[in-house]
Amino acid sequence: PCAEMVSGEGMLRAWAMGRSDNEATARKKAQANASAELAAMLKKTVESTTEDYTAALTDGLDAASKSFFSEKVKITVNKSLSGAVIVCDEWNKDAQTGMYTNYIVMELSGEELLSNLYKEVGNDVASQVDKALLRRLFLQHINAAK
């Protein structure tokens, strides 16, 4: 269940399941597993994007600007993870064992994360963020996360 919902088209999605003899516990496990998976995917995507972005701008970006940008990305990622939403939530119950299995897909919008990053960076002169390049690289990495 829910396995057809994969990352792409600007959305990061994480699938997970939880199993228990209690419905609430199965859901908590599934949600915790999906959150952990989403965090890992986001970390990998952001690291790849940041690496590509700073490499593309190496000539025009000094060390202070790179450090500033990296710090703002970390703050934005932490805020964005708390805004992840459940887009699929399905249950199964094994009649023989009485065990519940909950399947969950959690999702983050790449556009929303970028918007939050732009707000976090603000108009700080030290940043000089090339928004078009950053957006293109970030969405490229999200779509590659399939």
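The protein chain has 4 helices and 3 strands, and keep in mind that this is a predicted model. Reading from the N terminus, the elements go β-α-α-β-β-α-α. The chain has 146 residues, and 40% of them count as buried.

**The chain as a whole**

- Take the contacts in the protein chain with a separation of 6 or more: 70% of them come from residues 24 or more positions apart.
- The accessible surface of the protein chain is about 8200 Å², and carbon and sulfur atoms make up 50% of that.

**The nonpolar core**

- The largest nonpolar core has 29 residues, and the members that touch the most other members are Leu12, Leu38, Leu42, Leu134 and Phe138.
- Two or more residues of this core come from each of strand S1 (11-20), helix H1 (23-56), helix H2 (63-81), strand S3 (100-109), helix H3 (110-121) and helix H4 (131-144).
- H1 is the top contributor to this core, giving 7 residues.

**The disulfide**

- There's 1 disulfide in the count, and Cys2 and Cys88 are the two partners, with an S to S distance of 1.8 Å.
- The pair ties together distant parts of the chain: Cys2 sits in the segment before S1, while Cys88 is in strand S2 (residues 85-93), 86 residues apart.
- The torsion about the S-S bond of Cys2 and Cys88 is about -70°, which is why the disulfide is left-handed.
- Buried or exposed? Cys2 has 1% relative accessibility, so it counts as buried, and Cys88 is buried too, with a relative accessible area of 8%.

**The aromatic pairs**

- The structure holds 2 aromatic pairs.
- One of them is Trp91 with Tyr100, an edge-to-face pair at 6.4 Å centre to centre with 90° between the planes.
- Trp91 is partly exposed, at a relative accessible area of 33%.
- Tyr100, on the other hand, has 18% relative accessibility, and because buried means under 20%, Tyr100 counts as buried.

**Two serines to look at**

- Ser20 is in strand S1, and Ser20 is buried, with a relative accessible area of 7%.
- What lies 3.1 Å from a polar atom of the Ser20 side chain? That would be the backbone nitrogen of Asn22.
- Not counting residues up to four places away in sequence, Ser20 touches Thr25, Ala26, Lys29, Met99 and Tyr100. Tyr100 is also the partner of Trp91 in the edge-to-face pair.
- Ser80 is in helix H2, and at 6% relative accessibility Ser80 counts as buried.
- Leaving out residues up to four places away in sequence, Ser80 touches Leu108, Leu113 and Asn116.
- The C-alpha atoms of Ser80 and Ser109 are 9.0 Å apart, and the two serines are separated by 29 residues along the chain.

Conventions: Residues are numbered from 1 along each chain as its sequence is written. This is a predicted model: local features need pLDDT of at least 70, side-chain atom pairs count only at pLDDT 80 or more; totals for chains, interfaces and linings use all residues. Side-chain values use heavy atoms; hydrogens and water are left out. Buried means under 20% relative accessible area, exposed over 50%, partly exposed in between (1.4 Å probe, protein chains only). Contact means heavy atoms within 4.5 Å. Accessible areas come from the Shrake-Rupley method with a 1.4 Å probe; for residues, only the protein chains shown count as cover. A nonpolar core is a set of buried Ala, Val, Leu, Ile, Met, Phe, Trp, Tyr and Cys residues joined through side-chain atoms within 4.5 Å. A polar contact is a pair of N or O atoms within 3.5 Å; within protein, one must be able to donate a hydrogen and the other to accept it, and residues adjacent in sequence count only if both atoms are side-chain atoms. Rings of Phe, Tyr and Trp (its six-membered ring) pair if their centres lie within 6.5 Å; planes under 30 degrees apart count as stacked, over 60 as edge-to-face and the rest as tilted. A disulfide is a pair of cysteine sulfur atoms within 2.5 Å.
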